[in-house]
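Let's take a walk through a protein together, one piece at a time. Have a look at the picture first, and then we'll go through what you can see.

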Amino acid sequence: MATAIINLEDYRSIDKQTNYKSKVFTGRDRGKDVREDSKIDEIESLNEKVVVSIPEDIYSINPSFFEEFFKNVVKKLGNESFMNKFELKSNGDYDFKEELMEAIDRILNDATAIG
């Protein structure tokens with residue numbers, strides 16, 4: 001089995017008029033879209049390791065995005081196995097760990113940002 005890379009650069013929102021690339025990943029809807037478009041669930045099952053590459057100029061990824069993006073793989077693997085299999089690699093200064101851990105806790109507790 002191999003290592004797969006999911007580059008979030010490939011899933012950034014781009015303003016069609018200005019060509020401006022978003023510097024944030026936010027919201028459950030966006031997380032779901034990226035989960036489906038990246039095929040993370042299939043990639044997880046076919047690979048020993050999965051690296052999620054975060055572009056260097058990203059300055060925010062909220063827990064709701066992570067929650068929806070990772071929900072199936074976290075439910076399948078649990079916290080420890082998820083953390084062993086998935087590596088999030090930020091190419092810049094953004095520290096995403098607090099938001100990621102909050103999302104994992106929500107997924108495993110079946111809590112949501114709504115209530």
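A residue counts as buried when its relative accessible area is under 20% and as exposed when that figure is over 50%, with partly exposed in between. Keep in mind as we go that this is a predicted model.

Phe-96 has a relative accessible area of 6%, so it is buried. What does Phe-96 contact, leaving aside its neighbours within four places in sequence? Its partners are Ile-54, Phe-66, Leu-88 and Ser-90. For a sense of distance, take Asn-47, which is 49 residues away from Phe-96 along the chain: the C-alpha atoms of these two are separated by 23 Å.

Now for the sheet. Three strands line up in the order E1-E3-E5, with parallel pairing, and the sheet is open. Strand E1 (2-7) and E5 are at the edges and have a single partner strand each, so one side of each has no neighbour in the sheet. On average, neighbouring strands are turned by 20° against each other, if you ignore direction.

You can follow the pairing strand by strand. E1 and E3 run parallel and are joined by six bridges; for instance, Ala-2 has Asn-47 of E3 as its bridge partner. On to E3 and E5, which are also parallel and share five bridges. Here Ser-53 is partnered with Lys-89 of E5, and Val-52 stands opposite Leu-88 in E5. E3 itself is mostly covered, with six of its eight residues buried.

Next come the helices. Helix H3 (residues 63-85) and helix H4 (residues 97-108) pack with their axes 7 Å apart, at an angle of about 75°. Angles of 65 to 115 degrees count as roughly perpendicular, which means that H3 is roughly perpendicular to H4. Among the residues making this contact are Phe-66, Phe-70 and Val-74 of H3, along with Leu-100, Ile-104 and Ile-107 of H4. Sorted by class, the contact of H3 with H4 has 12 nonpolar, three polar and six charged residues.

What about the middle of it all? In soluble globular proteins, nonpolar side chains tend to be buried together. Here, the largest nonpolar core has 26 residues, and Ile-61, Phe-66, Phe-69 and Phe-70 are the ones with the most contacts inside it. Strand E3 (47-54), H3, E5 and H4 are the elements that give two or more residues to this core. Which element provides the largest share of this core? That's H3, with seven residues. Zoom in on Phe-69 and you'll find that, not counting residues up to four places away in sequence, it touches Ile-6, Leu-8, Gly-31, Val-34, Arg-35, Ser-38, Ile-40 and Val-52.

Finally, let's check the backbone angles. Most residues other than glycine have a negative phi. Asn-19 has a positive phi, near 65°, and is not a glycine. You'll find Asn-19 in the loop between E1 and strand E2 (24-25), and it counts as exposed because its relative accessibility is 58%. Lys-39 isn't a glycine either, and its phi is positive at about 60°. Lys-39 is in the loop between helix H1 (28-38) and helix H2 (40-46). With a relative accessible area of 44%, Lys-39 is partly exposed.

Key. Residues are numbered from 1 along each chain as its sequence is written. This is a predicted model: local features need pLDDT of at least 70, side-chain atom pairs count only at pLDDT 80 or more; totals for chains, interfaces and linings use all residues. Side-chain values use heavy atoms; hydrogens and water are left out. Axes are lines fitted to C-alpha atoms, for helices over the stretch in contact, and angles run from 0 to 180 degrees between N-to-C directions. Helices (H or I, at least four residues) and strands (E, at least two) are DSSP runs, numbered from the N terminus. Angles under 35 degrees count as roughly parallel, over 145 as roughly antiparallel, 65 to 115 as roughly perpendicular and the rest as oblique. Contact means heavy atoms within 4.5 Å. Ala, Val, Leu, Ile, Met, Phe, Trp, Tyr, Cys and Pro count as nonpolar, Asp, Glu, Lys and Arg as charged, and the others, Gly among them, as polar. Buried means under 20% relative accessible area, exposed over 50%, partly exposed in between (1.4 Å probe, protein chains only). A nonpolar core is a set of buried Ala, Val, Leu, Ile, Met, Phe, Trp, Tyr and Cys residues joined through side-chain atoms within 4.5 Å. Two strands pair if DSSP finds at least two bridges between them.
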